Structure formats: C-alpha cells, structure tokens
Amino acid sequence: KIFQAVVSCVGHDGTIYVIPVSLANELNKLMTEIQCNFKCLGLLEPYCWKKGEACVVRGSDTMWYRGKVTELGAGTLQVQYIDRGSIEKIPQCHLYPTDLYTDIPPFCIPCQLYKTVPIGNFWQQDAVDVLQKLLTDEEVEIHVQELPDNPWGKLSISLYIDGMSLSSLMAYQKYCLVEGCQDLSKLELLEGDIPVLPPYMLPSLPVPGDTFPVRVTHLVSPKEVYIRLDPSESLKKQSDTERDANSNSALESLDEALKWCNKNVDSLPPLTNFRTEMPCLVEYSDGLWYRAKLLAVKEFDPVKVLIQFVDYGNFSVVPASRLRQIPSHLLHHPVQAVRALLAGFRPPVYDKNKKRIPYCPEWSMEALWAMMECVEGKQLSASILAVSPEVTISLYEDDQNLVHMKLIEMGFADLDE
C-alpha cells in the first residue's frame, strides 16, 4: 500500500504520526462539528480525571481537539491529541470530559521506519530534532511494509520526502543503521529495486612529457583546475584513416546518450537513496541534465545536496527534485574532466590584496580572477609532470608560454623552482 500523507507530529521517542491526505476532508468536517458543539470554557468545577479518559482539549489557537488523558498530575494533566499524535501538559481548566466522537478512530497513524535501528537502539534527541524539523507539516509518500501485531501499534513504513528515502538520509547522517546492511554504500534503492551502481571510470591520460590540447572547464584556485582533453584538436594530428575510425568517438557517443536522456528525462525515476560518490543525473541552470556525483547533504528542510558535474568539474547545491537515477550505459564512458595541479608557481610571500578565496585563503581573489582571464574559453596545451600522488601539469598558452607567467608579472604569484 502506497499513499500520500501529511506528517502531523514527530514524538519525543521518534514515532512519526501521519494523516492520510485522503482523510483530510473528513477530519475537517469533524473539527467543524466539534467547534459547533463546544462553545464553552474548559471544565471549571472539580473533576476526578482517570488515565485513558476521553476529552476535548482547548488548544493554544483556542480551537477544540479530541484528546486522551495519558498521565495524571496535580494542576495539569498530560494529554495526547489523538488526531495529531502530539502530547502536552494541559491545565485542567482547558479540558472537558466527553464520550462524544469516541466511536470515530484517530485520524493520525503512528509509524516507525522499517528495518531502521537508531544508534543506541533509541532515537537520540539531536536525531529527533532533525526528524521534527524535516517532517512536521510536510506532505510525504508512505510505503507500508509491515502491519503491527497490535491494532494500536506502530505501522512499519518506508517514507519518502521530496523523492528521497528518509531512512537513507538519517543513516547518511549516522543517526541510525538500516537492519541487515551495516554499510550504507551497500544499500539498494528501495523504489524500483535498482542495484547500487559502480563509480565512474577515469579517463586514460597521455604519456608524461607529451604535449596535448586541453581546455580548462573549472577553476578551484589559481593552482587547482579541472581540464578537459580536446579530442577534436587531437584528431587533427591523426591520419584520415584514424579520423574515420574515430568518427563515432567516445565523446560523441556520450553526447548522444545524454541527448537521449534529456529527451526522455520524465521516464527516469527520481533519486530516492544515495551514498557519497554515487553517480546520478542533475539538472543544470540551463534546463539540461548532465552526469554528476553526490558529495554530501547540505540542508534537510528542504533536502539539498552538494554535487559535482563530473564532465566539467564544477560544484553545485541542488534540491532533490533536480536529481535523477542515471542509466547504467552512461557509466561506460569515462569522466571528461580531470583534476590537476599546476606546477611552477606558488602563492606570493608578500601579498597586499585583502580579499581572499574563502576556502583557499593562501590565494587572493585577484589572483583567481587573473587566472580565469588567462584560461577561460581558450585553447591551451598541457604536459603531464606527475600522475601520483596527484596529477600535476604544466599549462601553456597557444604561443607555448606558461600560463602562470602572467600571474607572476602581475605580482599575484611567485616562481616555484
């Protein structure tokens, strides 16, 4: 059974109370009837309350709600709002005992996440805070997994918010484990039973020492860039026979595969589960879908995820609605962007520029802008100096001058022999 519901409350023990959307009209009718029948204040005269007794509760919004006494106290009683699930301590003057409406079952359903074990076997307070912030008053999709033995027990469910699995979100944040799967990377997508995909393949790099054409697709800092080998320029150096053999090159077939995905994106299922480095498709600001990988969850309400576009190198924080499962044939193509460090220069010893790159403060923003001016949209060439521990290259302009020499002339960098 799959149904849409609104989360009315998350209890202090992590119980998730949901109201099926299909019952919203019936609940509204009942609430209207209660307001018509109870126009008085609460019970002002002494009354001997019993645990489990039915009542109506005057809420902080001055409306009356169905309730049930759960604990007795001196001046206040602990009461559960039975159509919302929440429990509060209420002064006796805001309660009224009644047998009316007791034949109508509660509209909210208590639920627990299926095969999801909280760390320490109970939901810690910080986890409950996250659940409350993430879920309260949100419309979600409920997949019923197991019915309770006791009719008043908790329904075991899988819950999806903005297409994302709540169990996987909480496991990713290390608030819980999914039973039978200690390693989150082994979790399968719960919707559609799609197996975990392998990571992207890395491209073959030219032999160290050889010069080859490249374009810079993304700058992290003046020293750290993402480059894309330019196959069109490389093919110019080949014979006609070799060019014909490469007419249906890997890059062309990747472009064709992505065109197909963009035409049929509505048929691709949303991403409902994830792990770090997981391949996916992401919608860019131009409205087209590109290959990417997941890096981290940045926000919970609404869900937003940090991703990297693997064929360009740039990063973005996107809502879950802009993520799709990637067809497996798109993983047959290596990533197009390669991270590389530039050799031959370092941050200047004396730098008067006060504006720094926030995530790389050894470099000034002026140095980053100057490097962008040198490389953006230009045909460049590179030579690999080392591939381990990191790919390190020399980067040249079309006149074979080292790109970084302009930064040194401007005082934004020092030579590094």
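The buried residues of helix α1 are covered by elements that include β2 (16-20), β3 (54-58) and β4 (64-71). Buried means under 20% relative accessible area, exposed over 50%, and partly exposed in between (1.4 Å probe, protein chains only). This is a predicted model: local features need pLDDT of at least 70, side-chain atom pairs count only at pLDDT 80 or more, and totals for chains, interfaces and linings use all residues. Residues are numbered from 1 along each chain as its sequence is written, and side-chain values use heavy atoms, with hydrogens and water left out.

**Helix α1**
- Helices (H or I, at least four residues) and strands (E, at least two) are DSSP runs, numbered from the N terminus.
- Helix α1 spans residues 24-37, which is 14 residues.
- From first C-alpha to last, α1 reaches 20 Å, close to the 20 Å expected at 1.5 Å a residue. The expected span is 1.5 Å times one less than the number of residues.
- L27, L30, M31 and I34 are buried in α1. They sit on the same side of α1 because they cover an arc of only 100° around the axis. That arc is taken from the directions from the helix axis to the C-beta atoms.
- Exposed residues N25 and K29 are on the face of α1 turned away from its buried side.

**Domains and cores**
- The domain assignment gives domain 1 (1-193), domain 2 (210-234 + 337-415) and domain 3 (252-331). Such bounds come from an automatic or database assignment.
- The C-alpha centres of domain 1 and domain 2 lie 56 Å apart.
- A nonpolar core is a set of buried Ala, Val, Leu, Ile, Met, Phe, Trp, Tyr and Cys residues joined through side-chain atoms within 4.5 Å.
- The largest nonpolar core has 46 residues. W123, L135, L159, L166, M170, I307 and L323 have the most contacts inside it.
- Helix α2 (residues 125-135) gives the most to this core, with six residues.
- Domain 1 (1-193) and domain 3 (252-331) both give residues to this core, so it lies between them.
- Contact means heavy atoms within 4.5 Å. Leaving aside neighbours within four places in sequence, W123 has contacts including L113, V128, L131 and M170.

**The five-stranded sheet**
- An open sheet has the strand order β19-β18-β17-β16-β20, with antiparallel pairing. Two strands pair if DSSP finds at least two bridges between them.
- The edge strands, β19 (315-319) and β20 (323-324), each pair on one side only.
- Seven bridges join β17 (residues 289-300) to β18 (residues 303-309).
- K304 in β18 is the bridge partner of E299.
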